[in-house]
Amino acid sequence: MIQPFTPEPIRFVAEDGTPVQPLPERFTPDLLRELHTLMLRAREFDRKLITLLRQGRTTFYAQSSGMEATQVGLARSIRVGHDWVWPYYRDHTLGLAMGVPMAELLSQCLGTNSDSSRGRQMPHHFAAQAQNFVSISSSIASQVPPAAGNAMAQKYLGVDELTVCTFGDGATSEGDWHAGLNMAGAAKAPAMFVCENNQWAISTSIREQTASETIHIKAKAYGMPGYYVDGNDLVAVMEVCGYVADQIRAGHGPALVECLTYRVGSHSNADADAEKHYRTREEVEEWLGRDPITRVEKLLEHLGHPVSAEERAALIASTHREVDEQVLKAEATGQPDWRIMFEDVYADLPGHLRDQEAFLRAEQTGQAGQGGQA
Amino acid sequence: MTATQERTPTQGGAPDAETGTRTINLIQAVTETIAEEMERDSRVVLFGEDVGARGGVFMATAGLQERFGPRRVFDTPLSEASIVGAAVGMAVRGLRPIAEIQFADYMGPGFDQIISQAAKIRYRSGGQFTAPMVIRTPSGGGVKGGHHHSQSPESYYTHTPGLKVVMPSTPYDAKGLLRSAVRGEDPVIFFEPKRLYRAAKGEVPAHDYVVRFGEAAVRREGTDLSLIGYGGVMPDLEKAADALAAEGVSVEVIDLRSLVPWDKDRVLSSVEKTGRAVLVSEAPRISNFMGEVAYVIQEQVFDSLTAPVGQVAGFDTPYPYVQDKVYLPGPNRIVAACVRALNY
């Protein structure tokens, strides 16, 4: 049994890689290596996407470097394709760890014809039906009330499913966040709300965000347990999220999990030089010292199964190769044409959109006459 | 007594022995249709503030919780963001939610959910996820409700691609449009003109029928002027047309019924026939949906016009409490606009 509302974040592995409490049996070296691979690949994905940005091949990217333990650990508590996920816009590591194909992520970031959301959203806002990974919205916390509704529907339908809803610390200030948690609490819906508290909402620190000491204690107000986890400790995140998911599936109602972590990079390419403007190099250095990937490597070393430098280098190289290959493949599919603007607005194309489509068709084919948009 | 204080549930009309039609009022049409759709499809759920045991502040959902149980008809926390947002999530997961917002004026806290989630999830996911859902809400003035119980905010929603926006003015249309809304695949904002809830009575057939969106109704045919409106103002259009008929003017009265999509063809062919159009709604004038109708008329049938398109709208003030009736367009103001067009 894992206790909610602990004063300190729940932790299984110290920063130097030594367990601070007995390691659950399932964390075999093989599993840890598998998860380490996922985390490392996600980080290299970040690096490659920054390169793509610099090359002008995509226009926006929100890194998750530093948050890999939170997202990979959470992914492992989700029954992929069975449970439902309402993510936020920094969740590509969660998506990758849930098996969303890298090709799909890249296609979305590049806005190519292979993008399942068809080039309509800005980069890094993907959706994946096969994984029940619902489309990401830019508007902060707007996914929270729908996640509550998704969970209410699961309860209504009597299905054995869980809804997972993620958000950053900034989202917890939004009205939608409170509305969603309150609704889920009142309905006792099977929803797991996960705050990826990376401590900065662009340039606003958690201390400016709320006078509340922590995020997880807000759960009390909504009649649900709140769990406080070291979000850079993969084992802790997996253990707590796994336990919470089981509790919810057993019919105990929703819960809030706060994963205390840190985004070591900028918010996006919009603030590429974060240290210069709103946080100190010392703070970043301090958190780099708590790096979640390094911690797993130290744990593996402690267990007598170290990841060699060669293995690491090979993993990095293969990720870079895969990204390069997938980017070329995605780019080869071309950009969606203008027709995608009019599709999927409604189930069927209404008359006014038919007229506007005809206008644009004429314009695009050089046959536009005089007058307005039909 | 204000409309919000009315507590008596509506009584059903007895069916005509030969035709099977019954005369009911608009709110009863709403209640019946929800019940019939819930009967037809177990995925349909109904929720909002006070919709359960109380049956809604206007009694639009009276008796439904008793009939379908608290699992399918339930009260929610007092939060429009929750109600709309939860409807989106339910729809994405496969239910057919009907969400009631107690007054259209209260949709503000749910606005983000309507425009960011409900309206866009199909588009932004490339059709991978969709939100077929209905938001029902009483709107418009004439019930001495002041500005937070009388506004006509439809233009906020007609301005958002991805939403369908409808407003019936008769029991027949309320049934037909609501059936279309519940059975459709898109999010629908279903405005109910609250001053017509009990004032608008009419026949409804016993059989299942729908009124498709984007088909206006010609309430009466005429040759001199097209008088076009929707929702709560429709009885005033009829009164104005009666007054003008007494003066020998033949007015064609058109009820748009749905704004997105709207029946451009019906409107344009009418104006081509009559050469004059007066557009009526009670929403404030600036960015009023009828501005779009006027624009399309002048753009597409300019040569048919023998007078500028007239518009009668609400004033660009918050809705006043005491001067309720002065604010609303009313038959006199409508007649005056028609006379201006006729004498141009």
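The model is predicted. Chain A has 374 residues, of which 58% are buried, and its secondary structure comprises 13 helices and seven strands. Chain B has 344 residues, of which 64% count as buried, and its secondary structure comprises 12 helices and 14 strands.

**Overall form of chain A**

- The C-alpha trace of chain A extends over about 75 × 50 × 40 Å when it is taken along the principal axes.
- When contacts in chain A between residues at least 6 apart in sequence are considered, 74% of them join residues that are at least 24 apart.

**Overall form of chain B**

- A compact globule of 344 residues would have a radius of gyration near 20 Å, and the value for chain B, 20 Å, agrees with this.
- Taken along the principal axes, the C-alpha atoms of chain B fill a box of roughly 60 × 50 × 40 Å.
- In chain B, 80% of the contacts with a separation of 6 or more are made by residues 24 or more positions apart.

**Domains of chain B**

- Chain B is divided into domain 1, which covers residues 12-205, and domain 2, which covers residues 217-342.
- The centres of domain 1 and domain 2 of chain B, taken over C-alpha atoms, are separated by 26 Å.
- The two domains of chain B also touch, with 27 residues of domain 1 in contact with 28 residues of domain 2.

**Surface and charge**

- Chain A exposes about 14,700 Å², and carbon and sulfur atoms supply 50% of this area.
- Chain B exposes about 12,700 Å², and here carbon and sulfur atoms supply 51% of the area.
- Chain A carries 33 positive and 49 negative side chains, and the centres of these two sets lie 1 Å apart.
- Chain B carries 36 positive and 41 negative charges, whose mean positions are 3 Å apart.

- Helix H2 of chain A, residues 68-75, is largely enclosed by the rest of the structure, because eight of its eight residues are buried.
- The buried residues of H2(A) include Glu68(A), Thr70(A) and Gln71(A), together with Val72(A) and Leu74(A).
- Ser107(A) belongs to helix H4 of chain A, which runs over residues 102-110.
- Ser107(A) has a relative accessibility of 3% and therefore counts as buried, since the cut-off for that class is under 20%.
- Once its neighbours within four places in sequence are left aside, Ser107(A) is in contact with Thr112(A), Ser114(A), Asp115(A) and Ala330(A).

**A buried lysine in chain B**

- Lys264(B) is located in helix H9 of chain B, which covers residues 264-274.
- With a relative accessibility of 15%, Lys264(B) counts as buried.
- Lys264(B) and Asp112(B) are 152 residues apart along the chain, and their C-alpha atoms are separated by 29 Å.

Notes: Residues are numbered from 1 along each chain as its sequence is written. Chains are lettered from A and ligands numbered from 1 in the order in which they are written. This is a predicted model: local features need pLDDT of at least 70, side-chain atom pairs count only at pLDDT 80 or more; totals for chains, interfaces and linings use all residues. Side-chain values use heavy atoms; hydrogens and water are left out. Helices (H or I, at least four residues) and strands (E, at least two) are DSSP runs, numbered from the N terminus. Buried means under 20% relative accessible area, exposed over 50%, partly exposed in between (1.4 Å probe, protein chains only). Contact means heavy atoms within 4.5 Å. Accessible areas come from the Shrake-Rupley method with a 1.4 Å probe; for residues, only the protein chains shown count as cover. Lys and Arg count as positive and Asp and Glu as negative; His and the chain ends are not counted. The place of a charge is taken as NZ of Lys, CZ of Arg, CG of Asp or CD of Glu. Domain bounds come from an automatic or database domain assignment. The radius of gyration is taken over C-alpha atoms; the globule rule is 2.2 Å times the number of residues to the power 0.38.
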